[in-house]
Amino acid sequence: MLAGFIAYHYPHPHYRDEFFRRVEGVARVFRSAPGFLSADCWLTADGETIVCVAKAESREALEAAMILRHSPQTRLALDAEFGEAPPGVVDGTNTELFARPHLVHQLVSR
């Protein structure tokens with residue numbers, strides 16, 4: 001059974017480009033994980049929302065990719081590439097950077 005997610009991110013305009021680069025880096029990490037089929041980031045036509053869509057071969061592959069994404073090694077690598085993530089970036093609760101918290105929908109195939 002395939003598994004994945006769709007995540008909606010609502011960065012303020014002054015943070016949008018930087019955040020898009022950061023989530024592209026996270027998508028790259030997901031794509032490198034065994035059993036991960038795709039991870040892409042999009043910007044809505046109005047330019048206000050970043051949408052990330054990811055698909056893995058199974059729930060286990062998705063969970064393994066999440067563990068990889070949150071590992072100390074991955075965090076250090078992403079921080080080295082993009083700078084240290086400000087507080088509230090992972091969940092979108094930093095009101096100086098985001099208009100509202102992230103919204104994530106977990107997906108499974110039928």
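The model is predicted, so to speak of a local feature requires pLDDT of at least 70 and a side-chain atom pair counts only at pLDDT 80 or more, while totals for chains, interfaces and linings use all residues. Residues are numbered from 1 along each chain as its sequence is written, and side-chain values use heavy atoms, with hydrogens and water left out.

**Exercise 1. Work out the strand order of the sheet, and find which strands stand at the edges.**

Step 1. Begin with the terms: strands (E, at least two residues) and helices (H or I, at least four) are DSSP runs, numbered from the N terminus. Two strands pair if DSSP finds at least two bridges between them.

Step 2. Now read off the order, which is 2-3-1-4 in an open sheet of 4 strands with antiparallel pairing.

Step 3. Strand 2 (36-43) and strand 4 (98-108) each have a single partner strand, so one side of each is left without a neighbour in the sheet. From one strand to the next, the twist averages 10°.

**Exercise 2. Follow the bridges from strand to strand and name some of the partners.**

Step 1. Here is the background: strands of a sheet pair through backbone hydrogen bonds, either parallel or antiparallel.

Step 2. Take strand 2 with strand 3 (residues 50-56): the two pair in the antiparallel sense over 7 bridges. In strand 3, K55 is the bridge partner of S38, A54 stands opposite A39, and I50 is the bridge partner of L43. The two strands form a hairpin with 6 residues between them, and G47 in the turn has a positive phi of about 80°.

Step 3. Move on to strand 1 (3-11), which is joined to strand 3 by 7 bridges and runs antiparallel to it. G4 stands opposite K55, and F5 stands opposite A54.

Step 4. Finish with strand 1 and strand 4, which run antiparallel and are joined by 8 bridges. R100 in strand 4 is the bridge partner of Y10.

**Exercise 3. Decide how covered strand 1 and strand 3 are, and see which helices meet the sheet.**

Step 1. Helix 2 (residues 59-69) lies across strand 1, strand 2, strand 3 and strand 4, at about 40° to strand 1. Such angles run from 0 to 180 degrees between N-to-C directions, with axes fitted to C-alpha atoms, for helices over the stretch in contact. Contact means heavy atoms within 4.5 Å.

**Exercise 4. Describe the largest pocket by volume and lining.**

Step 1. A pocket is an open set of points on a 1 Å grid over the protein atoms alone, where a 1.4 Å probe fits, with protein on both sides within 12 Å along at least five of seven lines; lining residues have an atom within 4 Å of a point.

Step 2. The largest pocket holds about 610 Å³ of space, a volume being the space filled by probe spheres set on the points.

Step 3. Of its 29 lining residues, V26, R69, H70, V89 and V90 are the closest to the centre. Helix 1 gives the most to the lining, with 6 residues.

Step 4. By class, the lining has 19 nonpolar, 4 polar and 6 charged residues. Asp, Glu, Lys and Arg count as charged; Ala, Val, Leu, Ile, Met, Phe, Trp, Tyr, Cys and Pro as nonpolar; and the others, Gly among them, as polar.

Notes:
Buried < 20%, exposed > 50% of the residue type's maximum accessible area, 1.4 Å probe, protein only.
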